[in-house]
Amino acid sequence: MEMPTTPESPQPEGDDTVAWSATQDTMSLPAPGEEQRTTLVSKTSTHRDDVVIPDYTLLKRIGSGAYGEVWLARSVTGALRAVKIVWREDFELTKTFHREFLGIQHFEPVSRGHPCLVHILHVGWNELRGFYYCVMELADDCEVGPRIEDTAAYVPRTLGTDMKRHGRLDMHFCKEAGIFLADALHYMHTHGLTHRDIKPSNIIFVGNVCKLADIGLVAGFGERSFVGTEGFVPPEGPGTPQADIYSLGKVLYEMSSGKDRMEFPEVPSDIGDEEWPVWKELNRVICKACAPDLKERYATCEQFANDLRKVGEPRPASLIVRAARFARAALILLCASSFVGAALAAWKRGNDPVHWTYSSPVPRRPVVKPLQPETPLPGKPWQSRYAQWFSFKQDRHVADLPVDYQAFNRFLEATRRGIECDIIMMKVPGKILSVVLVPPDDATAYCNWMTAMERQGGRLTIDQEYAWQPFRVPRPPGSPPPRNDKWTAFTCEIVRVHYGRLTITSTPPGAEVIQDERMLGRTPLDLPKMRTGTYQIELQHPGYTTEVAKGKLAEGQSISINLRLKASGAVVFGKPWQNSIGMKFVALGQTMIALHETRRADFAAFATTTKLAPLAGRVLDADPAFPVTHVSRADAAAFCKWLTDTERAKGLLDPGQEYRLPGDDEWSMAAYLPREIGGSPAERHLGIQGIYPWGFTWPPLPKPGNLHDKTAATNDNPGISDYDDGFASLAPVSSLRADARGVFDLSGNVWEWVAEPYGGADAATKDHGVVRGGSYITKDRTELLASFRRALPADARHPDVGFRILLSEDGKPARVDE
């Protein structure tokens, strides 16, 4: 379909030969007959993080891919929006970039015509920087929904995040969402557009309404470039209305079954009895939408939506009943014939495309009263969800047959549990049963799983559970002996659970309550349904020693436990902390960073304990508050390992917590730099200009560190003009001004080792180490930039090189990965 164009819209024409104009607001096209030129892209000295969108403040990048980046943004009125930025430099051909812009240009007015399409509110063009952008509705937050208050923690809510959190979704929601999405696709198709990449992550929620998003792949009919996602793309490829129908069908399959689209058309094993009829009808529609043969697939999304509407509706009445109803209706129509003409005219006006409007309520699950499954009742037989019969005997229900391989294998597939077992064939009336022999722990695990499944389906109450008893199966003559005499066949029983009550409080509150490695909650905690028998409860709280409460609980008994926790001095991430040798730390993202460089006194404790040999030039017995120098990167790493082992032994660190050198990006983060472009320190070197660890001013004011100043200046080596920190040589750590966090000496005193090698293409420095931050002999303005990296041999020991340490947990970096 031919796209409409305007004087402002660049047009794809020929090969990649359109030139960029840095002085006009529109893209220049070669004049007829003019020799075509190679594309020129205007470059700036900054990277993508400094993009300016008129009237919007970009807060954080919330998505990126081959077709652009999406930012969370705030408008001048305070409204939160999504801003998608598409860069020319990401496209191999200019004409491809133009095609994407034309697709957005065509889609923009269409997007606001249907409530289940993400609305594009504005499209802009930045000729100088080489990108276009579109402002869109913002998806709800996946945790708090439409009311977004904490933008730093914002994560978009998509159908993909819903499925990840909840697994298989409610059948009625699947039906309603499918109807609205199919109708939205039909609306697009009637305007000559196809989507081409329908998948769960491209369906967002705005005000709790699901909408088709990622309009970067929208194209007119006939666009045959292969895009899309494997498994959602039909055999004939994308770009047609029938292909979009196939993709939406696969999405509905994942929603309703909880399975991956590659498993289509496998039937899920956890469909409840009350859901099965609706799922079967819904699956029939999905299978038609996903038919590999185009002739068997729906021709239009309108047909697809109409069949979805019929799912779960009552079946047509019998012929006689329908005839009676028809006779009554005919009589009523005859009496009201005078209104027929007016009604038909009104219907025609309502369906006239010129006056057509669309409204759609938020999908709501209809009120349905499902059939309630029966729970075991005294004196009556009971049937499980898998049709196994239990007879009532004395005070409990006992299974009529032992557990067979078919039943046990359902448990294995659901839990992905690996076991060893034996099978004995047993004759029962009407069939031969394959009875399993398993270890007792596996029999217990099977009963726990069945209890959870039956309670979830409403067949067991909280006071009932599965238990098992050994069952003796005679071995057929001539069969081999059992491989393990502890394995047993077993039958299941439904027994009553006996409860007491535990109330647990602690000082301070907020401690985790742990039983059998399972967290029950946080104090204060009331457990009104605590199983009787012996119990052992652990209370864990960061910074406090673990306390244990033991006892025995009888049926109906109520016990209150109040424990006063003792401070352990252990680290609590996120709170200021001082370790066992007096080093102070504050939070740096997900880690903790030392407030000061490692001192001679700190390193002397390490050297004494490990019997480290003295080294010429390394002073450890004088001026203990001075930073330690003459240390290689390996020396610094060895100090970190020693301190980690020492404080783990004292209980100050958990096994997953460790001291280490900061990574190159972590040091940058400490120096207030944003994430830099490049895969190694060499590639990130001087990538950001004008930012120093103390701010933006030169000369440095006020005194941020011990640099080569007037005090250290000589006639041959003058210091930094108009700067005097009062120290001609090394200074004790923390002597000068701290930043807002309390961190000292990120500029000057001594260079600081970081963990990574320098990298880059230069073989001479590729394997070198990296030091950051300058020293007391540094005066060069460039070397004091926060982005400056100095390459040194990793085994070098210099009088102006030391190190600062970081404390991390579970291997997490300081900066949260996007």
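Student: Which backbone oxygen does the side chain of His708 reach?

Tutor: Good place to start! In this predicted model, the His708 side chain comes to 3.1 Å from the backbone oxygen of Asn717.

Student: Where does His708 lie?

Tutor: You will find His708 in the loop between α14 (681-684) and β28.

Student: Is His708 buried or exposed?

Tutor: Buried means under 20% relative accessible area. His708 has 5% relative accessibility, so it counts as buried. Leaving aside residues up to four places away in sequence, His708 touches several others, among them Pro718, Ile720, Tyr776 and Lys779.

Student: Now the helices. How do α11 and α12 pack?

Tutor: Two packed helices are described by the angle between their axes and the distance between the axes. Here, α11 (residues 600-610) meets α12 (residues 633-649) at an angle of about 80 degrees, and their axes are 10 Å apart. That angle makes α11 roughly perpendicular to α12.

Student: Which residues make the contact?

Tutor: From α11 they include Phe603 and Phe606, and from α12 they include Phe639 and Trp642. By type, the contact residues divide into six nonpolar, two polar and two charged.

Student: And the sheet: what is the order of its strands?

Tutor: This open sheet of four strands runs β30-β29-β28-β31, with mixed pairing. β30 (790-792) and β31 (801-802) stand at the edges with a single partner strand each, so one side of each has no neighbour in the sheet.

Student: In which sense do β28 and β29 pair?

Tutor: They pair in the antiparallel sense, over two bridges. Look for Trp753, whose bridge partner in β29 is Val771.

Definitions and conventions:
Residues are numbered from 1 along each chain as its sequence is written. This is a predicted model: local features need pLDDT of at least 70, side-chain atom pairs count only at pLDDT 80 or more; totals for chains, interfaces and linings use all residues. Side-chain values use heavy atoms; hydrogens and water are left out. Axes are lines fitted to C-alpha atoms, for helices over the stretch in contact, and angles run from 0 to 180 degrees between N-to-C directions. Angles under 35 degrees count as roughly parallel, over 145 as roughly antiparallel, 65 to 115 as roughly perpendicular and the rest as oblique. Contact means heavy atoms within 4.5 Å. Ala, Val, Leu, Ile, Met, Phe, Trp, Tyr, Cys and Pro count as nonpolar, Asp, Glu, Lys and Arg as charged, and the others, Gly among them, as polar. Two strands pair if DSSP finds at least two bridges between them. Buried means under 20% relative accessible area, exposed over 50%, partly exposed in between (1.4 Å probe, protein chains only). A polar contact is a pair of N or O atoms within 3.5 Å; within protein, one must be able to donate a hydrogen and the other to accept it, and residues adjacent in sequence count only if both atoms are side-chain atoms.
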